[in-house]
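Here is a short briefing to read alongside the coordinates. It starts with the whole chain and then goes topic by topic.

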Amino acid sequence: HSNSVRMRAAELEPLFCERWGDDKVQRTRHGGAWSVLLPTGLNFQCMTDEHADRMRFMIGVLRVRNAPAVFLRRVLEANFHSALDAKYAVFGDVLWSTFMHPLSSLSVEDATAGIDQVVRLAETTGTSFSSTDMVFVGHADDAVAEGGGRLTAAEAFERVNHDSAESSAEREVENAAAPDHFCDPVTFEVMEDPVQTPSGHTFERTSILLHISQFGNNPFTREPLQPSQLVPNRSLKEAISKFQKDLAS
């Protein structure tokens, strides 16, 4: 892209506004970061750091805690052959679709392609796991199963992860013994990192982040909700921790 126009962080915003509309683009208070709730319910985010000369587009796709090993293997295979400039990454128990690039050498063409690929990779997770129509090797519709067989991505995600059977059984006992307010209202599992919304509802952080990434709202009130609005519920976390210790003793 030797003839392409290079960009500064602030010059990314017009690309987002042109693509999705100015009313859809949310800016952080200190600048350098943006988020957009897409029509599909996914939450597109952009973070920049001019001092480090880096930028990142990303979309939270789904929670990975109970994902079968074969599904995670499928994701890694996609990073090799069907996720091209956009890649999958895991952070905070969430699978992300990401695109990273040095900010000083980023062109309009690079940024536009990065947006396209991050969105497509997120939207095709569970089907083709692809950021473009190009695939280097393999078949984008299949996942390699343990033991040599092949199964579809949807089947792979639903397959039971036998390696975690013992820990799952322990969690079932814990979930059954726990008071209702210790459990996430979406997954019904005991919370590890409870966070509170402005409306006063408490969720497991990874659970509500996944919901926000898909729908952008509070599942109870349907009001718009952003990750930045979540506040740690420390008193509840301490109570849950005491309950778990007492249960184990």
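**The chain at a glance**

Of the 249 residues in the protein chain, 46% are buried. Please keep in mind that this is a predicted model. The protein chain holds 7 helices and 11 strands.

- The protein chain has an accessible surface of about 13600 Å², and carbon and sulfur atoms account for 54% of that surface.
- If you take the contacts between residues at least 6 apart in sequence, 57% of them link residues at least 24 apart.

**The six-stranded sheet**

- An open sheet of 6 strands is built with antiparallel pairing, in the order β1-β2-β3-β4-β6-β5.
- The edges belong to β1 (25–27) and β5 (87–91); each has a single partner strand, so one side of each has no neighbour in the sheet.
- From one strand to the next, the twist averages 30 degrees.
- Strands β3 (residues 43–49) and β4 (residues 54–63) run antiparallel and are joined by 6 bridges.
- Within that pairing, Thr48 has Met55 of β4 as its bridge partner.
- Strands β5 and β6 also run antiparallel, with 5 bridges between them.
- Tyr88 stands opposite Ser97 in β6.
- The hairpin of β5 and β6 has 2 residues between the strands, and Gly92 adopts a positive phi near 60 degrees there.

**Helices on the sheet**

- Helix α1 (residues 13–20) lies across β1, β2 (33–37), β3 and β4, and runs at about 150 degrees to β1.
- Helix α2 (residues 69–81) also packs on the sheet, where it touches β4, β5 and β6 (94–102). The direction of α2 makes about 135 degrees with that of β5.

**The nonpolar cores**

- The largest nonpolar core has 38 residues, and the members that touch the most others are Leu12, Phe16, Phe44 and Phe57.
- At least two residues of this core come from each of α1, β2, β3, β4, α2, β6 and α3 (108–123).
- Helix α3 gives the largest share of this core, with 6 residues.
- Another core, of 8 residues, lies apart from the largest one; Phe182, Met191, Leu236 and Ile240 are among its members.
- Which residues does Phe44 touch, not counting those up to four places away in sequence? The list includes Phe16, Trp20, Trp34 and Val36, together with Phe57, Met58 and Ile59, and also Ile115, Val118 and Val119.

**Helix α3**

- The 16 residues of α3 should span 22 Å at 1.5 Å a residue, and the end C-alpha atoms of α3 are 23 Å apart, which agrees.
- Buried residues in α3 are Asp110, Ala111, Gly114, Ile115, Gln117, Val118, Val119, Leu121 and Ala122.
- The cover over the buried residues of α3 includes α1, β3, β4, β5 and β6.

**Around Pro194**

- Pro194 is found in strand β9 (residues 194–196).
- Is Pro194 buried or exposed? Its relative accessible area is 2%, under the 20% cut-off, so Pro194 counts as buried.
- Leaving aside neighbours within four places in sequence, Pro194 is in contact with Thr202, Phe203, Glu204, Val231, Pro232, Asn233, Leu236 and Lys237.
- Pro194 and Lys237 are 43 residues apart along the chain, while their C-alpha atoms are separated by 6.2 Å.

Note on methods. Residues are numbered from 1 along each chain as its sequence is written. This is a predicted model: local features need pLDDT of at least 70, side-chain atom pairs count only at pLDDT 80 or more; totals for chains, interfaces and linings use all residues. Side-chain values use heavy atoms; hydrogens and water are left out. Two strands pair if DSSP finds at least two bridges between them. Helices (H or I, at least four residues) and strands (E, at least two) are DSSP runs, numbered from the N terminus. Axes are lines fitted to C-alpha atoms, for helices over the stretch in contact, and angles run from 0 to 180 degrees between N-to-C directions. Contact means heavy atoms within 4.5 Å. A nonpolar core is a set of buried Ala, Val, Leu, Ile, Met, Phe, Trp, Tyr and Cys residues joined through side-chain atoms within 4.5 Å. Buried means under 20% relative accessible area, exposed over 50%, partly exposed in between (1.4 Å probe, protein chains only). Accessible areas come from the Shrake-Rupley method with a 1.4 Å probe; for residues, only the protein chains shown count as cover. The expected span of a helix is 1.5 Å times one less than its number of residues.
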